[in-house]
Amino acid sequence: MNGKIFIVGTGPGSYEQMTLEAINAIKESNIIIGYTVYTDLLKPYFPDKEFASTPMTKEIERCRLCFDYALKGKIVSLVCSGDAGVYGMASPMFQLLHEEKQYKDIELKIIAGVTAASSGAAVLGAPLNHDFCVISLSNLMTPWNVIEKRISCAIKGDFAIALYNPSSHKRKDYLKKACQIMLDSGADKNRSCGFVENIGRKETKVQACTLGELLEKEVNMFTTVFIGNSQSEIFITENNVPVLLTKRGYTI
């Protein structure tokens with residue numbers, strides 16, 4: 001008898017920010033599989049579980065490993081940070097289910113999680129409280145010219161923007177490039193922005209700044225960047241906490 005696979009969004013990384021559905025799915029599973037960084041975050045919370053992992057760039061191998069265990073009758077949790085359907089593993093898992101006959105009888109169930117746009121916005125205040133879009137700056141799967149077009153269109157449509165994957169060892173200047181595209185597309189250099197590093201972890205860092213200042217910032221791959229729309233504002237609370245506010249339109 002075949003097993004089944006939960007594709008689990010675990011949120012930012014802490015137990016408290018996982019959904020109860022995600023926790024229950026992992027508890028029900030015989031084995032937890034994921035990218036090494038994410039499985040290492042979960043091991044302290046589920047010490048009695050079996051874990052398996054693959055490194056970055058081995059995503060398809062990771063998916064096949066899940067199916068292999070399920071074919072043996074195991075209940076598997078494939079864990080992803082944030083939400084599995086937002087730059088996560090839901091897509092390749094369903095692609096394999098659809099395209100490869102040996103997997104057709106395996107049950108897949110998506111367990112929603114809190115994506116970085118939501119968890120980061122909660123730290124920064126209310127940056128996405130009106131129409132917004134999410135854009136990844138990683139060009140591993142998407143050509144850079146397509147990313148440029150999406151950034152430009154988002155500015156011309158006056159969306160608030162959450163930027164995923166703003167930097168890596170090979171893409172240190174991509175955030176700078178993205179900011180320049182925004183400026184060239186009509187965004188004011190004083191547009192309100194911010195970023196959150198290590199969301200939901202002990203080393204969480206938050207900063208608000210203008211688009212002109214963001215142009216010169218260096219961030220790491222664990223950072224989510226927020227670009228306000230043309231009406232967004234920054235203010236500092238009495239506790240010296242920066243807030244990026246995108247108004248919904250209510251009359252106060």
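Strand 9 (residues 192-197) and strand 10 run antiparallel to each other and pair over 6 bridges, where pairing calls for at least two DSSP bridges between two strands. Within this pair, Gly194 sits opposite Ala208 of strand 10. Helices and strands here are DSSP runs (H or I over at least four residues for helices, E over at least two for strands), numbered from the N terminus. The model is a predicted one, with local features needing pLDDT of at least 70 and side-chain atom pairs counting only at pLDDT 80 or more, while totals for chains, interfaces and linings use all residues. Residue numbers start from 1 along each chain as its sequence is written, and side-chain values use heavy atoms, with hydrogens and water left out.

Axes are lines fitted to C-alpha atoms, for helices over the stretch in contact, and angles between N-to-C directions run from 0 to 180 degrees.

A second open sheet has 3 strands in the order 6-13-12, again with mixed pairing. Here strand 6 (125-126) and strand 12 (233-236) take the edges with a single partner strand each, so one side of each goes without a neighbour in the sheet. Strand 6 pairs with strand 13 (residues 242-245) in the parallel sense, over 2 bridges. Gly125 has Leu244 of strand 13 as its bridge partner.

On to the helices. Helix 6 (residues 144-156) packs against helix 7 (residues 174-184) at an angle of about 45°, the axes being 9 Å apart. The two are therefore oblique to each other, the class left over once angles under 35 degrees count as roughly parallel, over 145 as roughly antiparallel and 65 to 115 as roughly perpendicular. Their crossing is right-handed, that is, the near helix is turned clockwise from the far one by less than a right angle. Helix 6 brings Trp144, Glu148, Ile151, Ser152 and Ile155 to the contact, and helix 7 brings Tyr174, Lys177, Ala178, Ile181 and Met182, contact meaning heavy atoms within 4.5 Å. These residues split into 7 nonpolar, 1 polar and 2 charged. Ala, Val, Leu, Ile, Met, Phe, Trp, Tyr, Cys and Pro count as nonpolar, Asp, Glu, Lys and Arg as charged, and the others, Gly among them, as polar.

Helix 3 (residues 59-71) and helix 4 (residues 90-99) cross at roughly 60°, with axes that come within 10 Å. Helix 3 is thus oblique to helix 4, and the crossing is right-handed. Ile60, Cys63, Arg64, Cys66 and Phe67 of helix 3 meet Pro92, Met93, Leu96 and Leu97 of helix 4. This contact divides into 8 nonpolar, no polar and 1 charged.

Overall, the protein chain comes to 8 helices and 13 strands. Its radius of gyration is 20 Å, close to the 18 Å that the globule rule gives for 252 residues, so the chain is as compact as a globular protein of that length. The radius is taken over C-alpha atoms, and the rule is 2.2 Å times the number of residues to the power 0.38.
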